[in-house]
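Hello,

Here is the structure I promised to pass on. My notes follow it.

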Amino acid sequence: MPHASHAPELLDAHSLRPHNTFGFDVRARHAMKIDSVEAASLLCRDGRLAGMTQLVLGGGSNLVLTRDFDGVALIVNIEGKRVIAEDAGSWLVEAGAGENWHGFVAWTLAQGMPGLENLALIPGTVGAAPIQNIGAYGLEMGERFERLSAVELATGARIEFDRAQCAFGYRDSFFKRAGRGRFMITSVVFRLPKRWQPRADYADIARALEGASSYDAQAIFDAVVAVRRAKLPDWTVLGNAGSFFKNPVVSAQAFDTLRQREPGIVSYPQVDGSVKLAAGWLIDQCGWKGRGVGGAAVHDRQALVLVNRGGATGAQVLELAGAIQRDVRARFDVELEIEPVTL
Ligand code: EPU
């Protein structure tokens, strides 16, 4: 039997550079690595942290750090992946919040339990996935989500959240709103249906699979990986946080007016009659692709992604984002909302 766990070490002046995919060179006054639920629930009683602002960090892949952080960064390292149950229709699989998301997706496929393949290669951790309800190529994580476990930082209470309580939306959840900053997600359970149905309608994926008479989940996984590698910069080479803005949703009426002026506009009708626009297209039309401010630039293959070409600060990225928002507003009368969490 292991001994009661020791309190985690409190690190000082800790560089957050390896903990944010933009690669911003900022420091946290303190940092602590949390590798168990027990350690997470004891944080509220740790006198060393009294009065300190806390920041829960997963992979830092959806985060813009604009300056040094005067508090304690809690780096979530809780590991583990397992199949926890099965019924006639599905498998339930659970992963620790610190697990790498892509590694977890690959593992589910290796278990013969497909269903997450459209979300291959998304950077970040399992615990961060529900916060922005990651989505790509026709699937959102919320569709495969069963429940999650979290620790309330102020009380140390362990709390379970079901899907309704998470209030998932497009790149949105309770944890970006009322729950912001209050919880450390410690593990997530997914429900993977045994009767697998491919999601291969997204244009880029359909194109990558063209010619194949039939395909399995692994083929979709491979197609998603190939499309992402072709379009999206690898953050280990060129720092970024994926899409920097949400795709904006406008009313049917506003869309009609826009389309008369801009016949080529890329759009996706929504079930409620509103219309989602491709922010990347709007930004591209404004001529921003490849342009930038200092080390901060718009990626040259996907205008929705802002990159750190080297030495950029979070403030420069936000300045660039502001200039893009102004141009898109002036030309299309559309507001772009920043997607990553800024700090
Ligand atoms: N487009 C352009 N120019 C550009 C970029 C895009 O004209 O520079 C056009 C494309 O040709 C396409 C449309 O805009 O017709 C949409 O582009 P794409 O398929 O690349 O997807 P996206 O809408 O830009 C969204 C997600 C991505 C996700 C992809 C695939 C958001 C904010 N972004 O991007 O998610 O991978 O769809 O599903 O919803 C992320 O959230 O970090 C992310 C990468």
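Strand 3 and strand 5 (residues 69-76) run parallel and are joined by four bridges. Two strands pair if DSSP finds at least two bridges between them. Q54 stands opposite V72 in strand 5.

The side chains alternate along strand 3 (residues 54-57). L55 and L57 point to one face and are buried. Buried means under 20% relative accessible area, exposed means over 50%, and partly exposed is in between (1.4 Å probe, protein chains only).

Before you go on, note that this is a predicted model: local features need pLDDT of at least 70, side-chain atom pairs count only at pLDDT 80 or more, and totals for chains, interfaces and linings use all residues. Residues are numbered from 1 along each chain as its sequence is written, and side-chain values use heavy atoms, with hydrogens and water left out.

Now the charged pairs. A search of the whole structure finds 21 salt bridges. The criterion is a side-chain nitrogen of Lys or Arg within 4 Å of a carboxyl oxygen of Asp or Glu.

K81 forms a salt bridge with E99, and the closest N and O atoms are 3.2 Å apart. This pair links distant parts of the chain, 18 residues apart. K81 is in strand 6 (residues 81-86). E99 is in the loop between strand 7 (90-96) and helix 2 (101-110). K81 is partly exposed, at 33% relative accessibility. E99 counts as buried, at 14%.

D204 has two partners to look at. One is R207, in a salt bridge of 3.1 Å, N to O. R207 and D204 are three residues apart in helix 5 (residues 203-209), so about one helical turn separates them. R207 is exposed, at 52% relative accessibility, whereas D204 is buried, at 14%.

The other partner is K231, where the salt bridge with D204 is 3.0 Å, N to O. D204 lies in helix 5 and K231 in helix 6 (residues 217-231), so this pair ties together parts that are 27 residues apart in sequence. K231 is partly exposed, with a relative accessible area of 32%.

Contact means heavy atoms within 4.5 Å.

Last, E94. This residue lies in strand 7 and is buried, with a relative accessible area of 14%. A polar contact of 3.2 Å joins its side chain to that of S187. A polar contact is a pair of N or O atoms within 3.5 Å; within protein, one must be able to donate a hydrogen and the other to accept it, and residues adjacent in sequence count only if both atoms are side-chain atoms. Leaving out residues up to four places away in sequence, E94 touches G80, K81, R82, I84, S187, V188 and V189.

Best wishes

Terms used. Helices (H or I, at least four residues) and strands (E, at least two) are DSSP runs, numbered from the N terminus.
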